[in-house]
Amino acid sequence: MEQYSLPFHRPSFSALERQYLQEALEEGYWGGGRWIERLEKALQHIYEREVIVVSSGTSALHLALSLLIDEKDTEVIVPTWTFTATASEVVHAGGIPVLADVNESLHISPETVESLISSRTRGIIVVHYAGVAAPMAELLQLCRKYNLWLIEDACHAVPAYYGGQLCGTFGEMATLSFHATKPIAAGQGGAVLLSNPDLAERARILRRNGLQRSSEMPWLYEVKALGWNYMLSDFQAAVGLAQVARLEENWKERRRLALLYDDMLRGIPELTPYPVSSPETAAWHLYPVFWSGATAEKKNRLLQYLHRKGFTLNVHYKPLHLHPAYRPYIHKGQTFPTADRAYEEIFSLPLWVGMTEGQISALGETLKAGLAEIA
Ligand SMILES: Cc1ncc(COP(=O)(O)O)c(C=O)c1O
(Lines give C-alpha, C1' and ligand atoms only; values in the text may rest on other atoms or scores of the structure.)
Protein backbone atom coordinates (compact mmCIF):
# COMPACT_ATOMS: atom_id res chain seq x y z
CA MET A 1 0.00 0.00 0.00
CA GLU A 2 1.16 3.52 -0.79
CA GLN A 3 2.58 5.34 2.26
CA TYR A 4 0.41 8.13 3.59
CA SER A 5 0.72 10.57 6.41
CA LEU A 6 -1.73 13.22 7.43
CA PRO A 7 -1.01 16.37 9.43
CA PHE A 8 -3.86 17.74 11.53
CA HIS A 9 -4.06 20.86 9.44
CA ARG A 10 -2.68 22.61 6.36
CA PRO A 11 -4.15 25.94 5.22
CA SER A 12 -5.31 26.04 1.62
CA PHE A 13 -4.41 28.96 -0.62
CA SER A 14 -4.82 29.85 -4.27
CA ALA A 15 -3.47 32.37 -6.77
CA LEU A 16 -5.81 34.94 -5.19
CA GLU A 17 -4.07 34.86 -1.75
CA ARG A 18 -0.72 35.22 -3.58
CA GLN A 19 -1.99 38.13 -5.65
CA TYR A 20 -3.49 40.05 -2.70
CA LEU A 21 -0.43 39.40 -0.56
CA GLN A 22 1.87 40.74 -3.25
CA GLU A 23 -0.36 43.81 -3.73
CA ALA A 24 -0.30 44.50 0.01
CA LEU A 25 3.48 44.09 0.04
CA GLU A 26 4.05 46.42 -2.87
CA GLU A 27 1.52 49.02 -1.79
CA GLY A 28 3.91 49.88 0.99
CA TYR A 29 1.64 50.60 3.97
CA TRP A 30 1.84 47.16 5.61
CA GLY A 31 0.31 48.22 8.94
CA GLY A 32 -3.39 48.90 8.84
CA GLY A 33 -4.25 50.39 5.48
CA ARG A 34 -7.06 49.63 3.11
CA TRP A 35 -6.86 45.83 3.43
CA ILE A 36 -8.50 45.86 6.86
CA GLU A 37 -11.30 48.02 5.46
CA ARG A 38 -11.73 45.69 2.50
CA LEU A 39 -11.87 42.66 4.77
CA GLU A 40 -14.40 44.39 7.02
CA LYS A 41 -16.57 45.26 4.01
CA ALA A 42 -16.48 41.67 2.75
CA LEU A 43 -17.52 40.39 6.18
CA GLN A 44 -20.20 43.08 6.54
CA HIS A 45 -21.65 41.83 3.29
CA ILE A 46 -21.94 38.31 4.75
CA TYR A 47 -23.10 39.16 8.28
CA GLU A 48 -24.98 42.42 7.67
CA ARG A 49 -23.52 43.74 10.94
CA GLU A 50 -20.78 46.16 11.97
CA VAL A 51 -17.43 44.35 11.73
CA ILE A 52 -14.27 45.29 13.62
CA VAL A 53 -11.33 43.22 12.44
CA VAL A 54 -8.72 42.57 15.14
CA SER A 55 -5.52 40.61 15.69
CA SER A 56 -7.03 37.29 16.92
CA GLY A 57 -10.15 35.54 18.13
CA THR A 58 -8.80 36.06 21.65
CA SER A 59 -8.50 39.83 21.21
CA ALA A 60 -11.99 39.86 19.63
CA LEU A 61 -13.38 38.24 22.80
CA HIS A 62 -11.44 40.65 25.00
CA LEU A 63 -12.65 43.68 23.06
CA ALA A 64 -16.28 42.49 23.01
CA LEU A 65 -16.26 41.70 26.73
CA SER A 66 -14.56 45.00 27.58
CA LEU A 67 -17.45 46.80 25.89
CA LEU A 68 -20.05 44.84 27.83
CA ILE A 69 -18.56 44.43 31.32
CA ASP A 70 -18.81 47.67 33.27
CA GLU A 71 -19.04 46.48 36.89
CA LYS A 72 -16.49 44.67 39.01
CA ASP A 73 -17.34 41.02 39.77
CA THR A 74 -19.73 40.72 36.83
CA GLU A 75 -20.33 37.02 36.24
CA VAL A 76 -20.39 35.62 32.72
CA ILE A 77 -21.45 32.03 32.08
CA VAL A 78 -19.24 30.15 29.61
CA PRO A 79 -19.12 26.51 28.55
CA THR A 80 -16.42 24.36 30.10
CA TRP A 81 -16.23 22.73 26.65
CA THR A 82 -14.22 25.35 24.78
CA PHE A 83 -10.81 26.86 24.13
CA THR A 84 -9.39 28.79 27.09
CA ALA A 85 -9.82 32.22 25.44
CA THR A 86 -13.63 32.05 25.80
CA ALA A 87 -13.20 32.18 29.59
CA SER A 88 -9.80 33.84 30.12
CA GLU A 89 -10.96 36.98 28.33
CA VAL A 90 -13.82 37.37 30.81
CA VAL A 91 -11.17 37.67 33.52
CA HIS A 92 -9.04 40.07 31.44
CA ALA A 93 -12.09 42.26 30.86
CA GLY A 94 -12.71 42.46 34.62
CA GLY A 95 -15.36 39.76 35.04
CA ILE A 96 -15.63 36.30 36.56
CA PRO A 97 -16.22 33.29 34.31
CA VAL A 98 -18.74 30.75 35.60
CA LEU A 99 -18.16 27.40 33.92
CA ALA A 100 -21.19 25.47 32.72
CA ASP A 101 -21.47 21.82 31.72
CA VAL A 102 -22.75 21.08 28.21
CA ASN A 103 -25.47 18.94 26.66
CA GLU A 104 -24.93 15.81 24.55
CA SER A 105 -23.93 17.92 21.52
CA LEU A 106 -21.36 19.69 23.71
CA HIS A 107 -23.13 23.05 23.70
CA ILE A 108 -24.51 24.99 26.64
CA SER A 109 -28.29 24.93 26.92
CA PRO A 110 -30.81 26.33 29.45
CA GLU A 111 -30.62 22.98 31.30
CA THR A 112 -26.87 23.39 31.89
CA VAL A 113 -26.92 27.17 32.49
CA GLU A 114 -30.05 28.27 34.36
CA SER A 115 -29.04 27.00 37.82
CA LEU A 116 -25.77 29.00 37.56
CA ILE A 117 -27.47 32.39 37.07
CA SER A 118 -26.98 34.66 40.10
CA SER A 119 -27.71 38.30 40.90
CA ARG A 120 -24.24 39.14 39.51
CA THR A 121 -24.72 37.36 36.16
CA ARG A 122 -24.87 39.80 33.25
CA GLY A 123 -24.17 37.65 30.22
CA ILE A 124 -23.55 34.30 28.56
CA ILE A 125 -21.02 33.25 25.94
CA VAL A 126 -22.17 30.45 23.68
CA VAL A 127 -19.72 28.48 21.52
CA HIS A 128 -21.03 26.91 18.31
CA TYR A 129 -18.80 23.93 18.91
CA ALA A 130 -17.27 22.22 15.84
CA GLY A 131 -19.27 24.58 13.62
CA VAL A 132 -22.66 23.26 14.70
CA ALA A 133 -25.14 25.83 16.01
CA ALA A 134 -26.00 25.75 19.71
CA PRO A 135 -29.73 25.73 20.67
CA MET A 136 -30.17 29.44 20.00
CA ALA A 137 -33.95 29.80 20.40
CA GLU A 138 -33.80 28.34 23.92
CA LEU A 139 -30.71 30.34 24.89
CA LEU A 140 -32.14 33.62 23.60
CA GLN A 141 -35.33 32.97 25.54
CA LEU A 142 -33.27 32.36 28.70
CA CYS A 143 -31.36 35.62 28.12
CA ARG A 144 -34.62 37.53 27.77
CA LYS A 145 -36.01 35.94 30.94
CA TYR A 146 -33.00 37.05 33.04
CA ASN A 147 -32.11 40.19 31.08
CA LEU A 148 -28.68 38.89 30.05
CA TRP A 149 -26.59 39.73 27.01
CA LEU A 150 -25.30 37.00 24.73
CA ILE A 151 -21.96 36.78 22.94
CA GLU A 152 -21.61 34.11 20.27
CA ASP A 153 -18.09 32.75 20.11
CA ALA A 154 -18.51 31.84 16.44
CA CYS A 155 -14.84 30.98 15.88
CA HIS A 156 -15.82 27.50 14.59
CA ALA A 157 -19.04 28.49 12.85
CA VAL A 158 -18.03 30.09 9.57
CA PRO A 159 -20.55 29.52 8.16
CA ALA A 160 -23.13 27.67 10.27
CA TYR A 161 -26.88 28.16 10.45
CA TYR A 162 -29.63 27.85 13.02
CA GLY A 163 -33.21 27.88 11.71
CA GLY A 164 -31.89 29.30 8.44
CA GLN A 165 -30.12 32.22 10.19
CA LEU A 166 -26.36 32.63 10.12
CA CYS A 167 -24.50 32.03 13.39
CA GLY A 168 -22.86 35.24 14.47
CA THR A 169 -26.03 37.27 13.91
CA PHE A 170 -27.99 36.24 17.03
CA GLY A 171 -26.20 37.69 20.05
CA GLU A 172 -25.49 41.30 21.06
CA MET A 173 -22.02 40.51 19.77
CA ALA A 174 -20.18 37.66 18.06
CA THR A 175 -16.52 36.89 17.62
CA LEU A 176 -14.59 35.19 14.83
CA SER A 177 -11.03 33.85 14.59
CA PHE A 178 -8.85 33.84 11.49
CA HIS A 179 -6.20 31.59 13.02
CA ALA A 180 -4.40 29.36 10.50
CA THR A 181 -6.69 26.41 11.26
CA LYS A 182 -9.97 28.28 10.90
CA PRO A 183 -12.37 28.38 7.91
CA ILE A 184 -11.15 31.91 7.07
CA ALA A 185 -7.41 31.56 7.73
CA ALA A 186 -5.21 34.64 7.78
CA GLY A 187 -2.42 33.20 9.93
CA GLN A 188 -3.78 35.12 12.90
CA GLY A 189 -6.73 37.47 13.14
CA GLY A 190 -10.26 37.82 14.34
CA ALA A 191 -13.33 40.04 14.30
CA VAL A 192 -16.05 41.41 16.51
CA LEU A 193 -19.53 41.53 14.95
CA LEU A 194 -22.20 43.75 16.44
CA SER A 195 -25.14 45.90 15.47
CA ASN A 196 -24.88 48.97 17.70
CA PRO A 197 -23.00 51.70 15.73
CA ASP A 198 -21.93 53.59 18.89
CA LEU A 199 -20.37 50.47 20.39
CA ALA A 200 -18.77 49.73 17.01
CA GLU A 201 -17.17 53.17 17.01
CA ARG A 202 -15.90 52.64 20.55
CA ALA A 203 -14.52 49.24 19.57
CA ARG A 204 -12.64 50.78 16.62
CA ILE A 205 -11.08 53.36 18.91
CA LEU A 206 -10.10 50.80 21.57
CA ARG A 207 -8.59 48.45 18.99
CA ARG A 208 -6.05 51.15 18.00
CA ASN A 209 -4.74 52.26 21.39
CA GLY A 210 -7.76 54.43 22.07
CA LEU A 211 -6.75 56.97 19.42
CA GLN A 212 -9.13 59.18 17.46
CA ARG A 213 -7.62 61.03 14.51
CA SER A 214 -8.77 64.31 13.10
CA SER A 215 -10.07 63.70 9.57
CA GLU A 216 -8.83 67.09 8.26
CA MET A 217 -5.42 66.88 9.93
CA PRO A 218 -4.66 63.16 10.27
CA TRP A 219 -1.34 63.82 12.01
CA LEU A 220 -3.37 65.03 14.99
CA TYR A 221 -4.97 62.55 17.32
CA GLU A 222 -6.51 62.42 20.74
CA VAL A 223 -6.30 59.49 23.14
CA LYS A 224 -9.98 58.96 23.90
CA ALA A 225 -9.61 55.79 25.95
CA LEU A 226 -6.93 53.42 27.20
CA GLY A 227 -7.04 50.81 24.45
CA TRP A 228 -4.83 48.13 22.96
CA ASN A 229 -3.08 47.58 19.68
CA TYR A 230 -5.33 44.87 18.27
CA MET A 231 -4.69 45.82 14.62
CA LEU A 232 -4.15 43.19 11.97
CA SER A 233 -1.31 43.69 9.49
CA ASP A 234 -2.18 44.37 5.85
CA PHE A 235 -0.67 41.00 4.89
CA GLN A 236 -2.99 39.06 7.14
CA ALA A 237 -5.99 41.12 6.06
CA ALA A 238 -5.07 40.54 2.40
CA VAL A 239 -4.89 36.76 2.89
CA GLY A 240 -8.12 36.88 4.92
CA LEU A 241 -9.89 38.77 2.13
CA ALA A 242 -8.92 36.13 -0.43
CA GLN A 243 -10.12 33.43 1.98
CA VAL A 244 -13.50 35.15 2.29
CA ALA A 245 -13.79 35.06 -1.51
CA ARG A 246 -13.10 31.29 -1.40
CA LEU A 247 -15.23 30.58 1.68
CA GLU A 248 -18.17 28.93 -0.10
CA GLU A 249 -15.94 26.71 -2.26
CA ASN A 250 -13.81 25.63 0.74
CA TRP A 251 -16.89 25.03 2.88
CA LYS A 252 -18.37 22.68 0.24
CA GLU A 253 -15.10 20.79 0.02
CA ARG A 254 -14.89 20.32 3.81
CA ARG A 255 -18.46 19.01 3.72
CA ARG A 256 -17.58 16.56 0.93
CA LEU A 257 -14.60 15.30 2.95
CA ALA A 258 -16.73 15.01 6.10
CA LEU A 259 -19.24 12.83 4.26
CA LEU A 260 -16.35 10.58 3.18
CA TYR A 261 -15.38 10.28 6.85
CA ASP A 262 -19.02 9.36 7.65
CA ASP A 263 -18.76 6.51 5.10
CA MET A 264 -15.38 5.41 6.39
CA LEU A 265 -16.63 5.31 9.99
CA ARG A 266 -19.55 3.04 9.09
CA GLY A 267 -16.86 0.34 8.88
CA ILE A 268 -15.48 1.10 12.36
CA PRO A 269 -18.25 0.34 14.90
CA GLU A 270 -16.19 1.49 17.91
CA LEU A 271 -16.21 5.08 16.62
CA THR A 272 -19.26 7.35 16.33
CA PRO A 273 -19.12 10.71 14.57
CA TYR A 274 -20.10 13.83 16.49
CA PRO A 275 -23.84 14.30 15.71
CA VAL A 276 -24.57 16.73 12.89
CA SER A 277 -28.27 16.66 12.05
CA SER A 278 -28.11 18.51 8.73
CA PRO A 279 -24.73 18.66 6.98
CA GLU A 280 -25.59 21.80 4.99
CA THR A 281 -26.05 23.88 8.17
CA ALA A 282 -22.67 23.01 9.75
CA ALA A 283 -19.37 24.78 9.09
CA TRP A 284 -17.38 21.53 9.30
CA HIS A 285 -14.55 23.24 11.11
CA LEU A 286 -13.85 20.09 13.15
CA TYR A 287 -14.70 16.42 12.69
CA PRO A 288 -14.86 15.00 16.23
CA VAL A 289 -15.53 11.31 16.90
CA PHE A 290 -16.39 9.42 20.08
CA TRP A 291 -14.73 6.14 20.98
CA SER A 292 -17.52 4.71 23.09
CA GLY A 293 -16.46 3.29 26.42
CA ALA A 294 -12.89 4.59 26.11
CA THR A 295 -10.87 6.35 28.79
CA ALA A 296 -8.68 9.42 28.24
CA GLU A 297 -5.67 7.19 28.90
CA LYS A 298 -6.72 4.62 26.25
CA LYS A 299 -7.56 7.39 23.83
CA ASN A 300 -4.12 8.94 24.28
CA ARG A 301 -2.53 5.57 23.52
CA LEU A 302 -4.55 5.38 20.30
CA LEU A 303 -3.52 8.93 19.32
CA GLN A 304 0.10 8.04 20.07
CA TYR A 305 -0.17 4.96 17.85
CA LEU A 306 -1.59 7.07 15.02
CA HIS A 307 1.06 9.74 15.53
CA ARG A 308 3.82 7.14 15.17
CA LYS A 309 2.23 6.10 11.86
CA GLY A 310 2.22 9.71 10.61
CA PHE A 311 -1.39 10.68 11.41
CA THR A 312 -1.69 13.68 13.73
CA LEU A 313 -5.04 13.91 15.46
CA ASN A 314 -6.17 16.34 18.11
CA VAL A 315 -8.53 16.70 21.07
CA HIS A 316 -11.21 19.40 21.20
CA TYR A 317 -11.39 19.82 24.11
CA LYS A 318 -9.92 18.97 27.44
CA PRO A 319 -12.66 20.86 29.31
CA LEU A 320 -11.65 24.02 31.15
CA HIS A 321 -12.55 22.70 34.62
CA LEU A 322 -9.82 20.05 34.26
CA HIS A 323 -7.07 22.68 33.76
CA PRO A 324 -5.21 24.04 36.80
CA ALA A 325 -5.77 27.71 35.88
CA TYR A 326 -9.55 27.27 36.14
CA ARG A 327 -9.61 25.61 39.57
CA PRO A 328 -10.40 28.92 41.33
CA TYR A 329 -13.52 29.30 39.17
CA ILE A 330 -15.15 25.98 40.05
CA HIS A 331 -17.96 26.31 42.57
CA LYS A 332 -17.94 24.05 45.62
CA GLY A 333 -19.48 20.69 44.70
CA GLN A 334 -19.88 21.66 41.03
CA THR A 335 -19.73 18.73 38.62
CA PHE A 336 -19.51 18.46 34.84
CA PRO A 337 -20.67 14.91 34.06
CA THR A 338 -21.32 15.31 30.32
CA ALA A 339 -18.05 17.13 29.63
CA ASP A 340 -16.13 14.60 31.75
CA ARG A 341 -17.61 11.64 29.86
CA ALA A 342 -17.03 13.29 26.47
CA TYR A 343 -13.41 14.05 27.32
CA GLU A 344 -12.73 10.36 27.90
CA GLU A 345 -14.03 9.44 24.46
CA ILE A 346 -13.56 12.29 22.02
CA PHE A 347 -10.88 13.15 19.50
CA SER A 348 -10.86 15.11 16.23
CA LEU A 349 -9.89 13.79 12.81
CA PRO A 350 -8.03 16.11 10.41
CA LEU A 351 -10.40 18.04 8.13
CA TRP A 352 -8.94 20.52 5.69
CA VAL A 353 -9.17 21.49 2.05
CA GLY A 354 -6.48 19.63 0.14
CA MET A 355 -6.74 16.34 2.03
CA THR A 356 -7.08 13.38 -0.29
CA GLU A 357 -9.41 10.40 -0.36
CA GLY A 358 -6.29 8.22 -0.16
CA GLN A 359 -5.36 9.90 3.13
CA ILE A 360 -8.87 9.36 4.48
CA SER A 361 -8.93 5.65 3.70
CA ALA A 362 -5.37 5.20 4.99
CA LEU A 363 -6.42 6.90 8.24
CA GLY A 364 -9.41 4.51 8.40
CA GLU A 365 -7.13 1.46 8.06
CA THR A 366 -4.69 2.82 10.64
CA LEU A 367 -7.53 3.57 13.07
CA LYS A 368 -8.77 -0.02 12.72
CA ALA A 369 -5.30 -1.40 13.35
CA GLY A 370 -4.76 0.95 16.32
CA LEU A 371 -8.11 0.06 17.88
CA ALA A 372 -7.38 -3.65 17.48
CA GLU A 373 -3.98 -3.23 19.16
CA ILE A 374 -5.17 -1.04 22.05
CA ALA A 375 -8.67 -2.34 22.82
C1 LIG B 1 -13.90 28.46 20.37
C2 LIG B 1 -12.70 29.34 20.24
N3 LIG B 1 -12.73 30.56 20.79
C4 LIG B 1 -11.68 31.40 20.71
C5 LIG B 1 -10.53 31.05 20.05
C6 LIG B 1 -9.36 31.99 20.02
O7 LIG B 1 -9.03 32.37 18.71
P8 LIG B 1 -7.52 32.80 18.36
O9 LIG B 1 -6.69 31.56 18.36
O10 LIG B 1 -7.65 33.42 17.01
O11 LIG B 1 -7.09 33.77 19.39
C12 LIG B 1 -10.45 29.79 19.44
C13 LIG B 1 -9.23 29.41 18.73
O14 LIG B 1 -8.75 28.34 18.71
C15 LIG B 1 -11.56 28.92 19.55
O16 LIG B 1 -11.52 27.70 19.00
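Where is the place of Tyr-317? Tyr-317 falls in the loop between α10 (296–308) and α11 (337–345). Helices here are DSSP runs of H or I with at least four residues, strands are runs of E with at least two, and both are numbered from the N terminus.

## Basis of the model

This is a predicted model, in which local features need pLDDT of at least 70, side-chain atom pairs count only at pLDDT 80 or more, and totals for chains, interfaces and linings use all residues. Residues are numbered from 1 along each chain as its sequence is written, and side-chain values use heavy atoms, with hydrogens and water left out.

## Ligand contacts

Ala, Val, Leu, Ile, Met, Phe, Trp, Tyr, Cys and Pro count as nonpolar; Asp, Glu, Lys and Arg count as charged; the others, Gly among them, count as polar.

Polar side chains reach the ligand. An N or O atom in the side chain of Asp-153 is 2.7 Å from a ligand nitrogen atom. For Ser-177, a side-chain N or O atom is 2.7 Å from a ligand oxygen atom. A polar side-chain atom of His-156 lies 2.9 Å from an oxygen atom of the ligand. The protein covers 91% of the 380 Å² of accessible area that the ligand has on its own (Shrake-Rupley method, 1.4 Å probe).

## The pocket

The ligand sits in the largest pocket, meaning that more than half of its atoms lie within 2 Å of the pocket's grid points. A pocket is an open set of points on a 1 Å grid over the protein atoms alone, where a 1.4 Å probe fits, with protein on both sides within 12 Å along at least five of seven lines; lining residues have an atom within 4 Å of a point.

The volume is about 750 Å³, taken as the space filled by probe spheres set on the points. The lining has 46 residues, with His-156, His-179, Thr-181, Lys-182 and His-285 nearest the centre. Elements giving two or more residues to it are α3, α4 (85–92) and α9 (247–266). By class, the lining has 22 nonpolar, 19 polar and five charged residues.

Most peptide bonds are trans, and most residues other than glycine have a negative phi. The bond from His-316 to Tyr-317 is cis, with omega near 10 degrees. The bond from Val-158 to Pro-159 is also cis, with omega near -5 degrees. Pro-159 is in the loop between β5 (149–153) and β6 (161–162).

Ala-130 is not a glycine, yet has a positive phi of about 65 degrees. Ala-130 lies in the loop between β4 (121–127) and α6 (136–146).

How values were computed:
A polar contact is a pair of N or O atoms within 3.5 Å; within protein, one must be able to donate a hydrogen and the other to accept it, and residues adjacent in sequence count only if both atoms are side-chain atoms.
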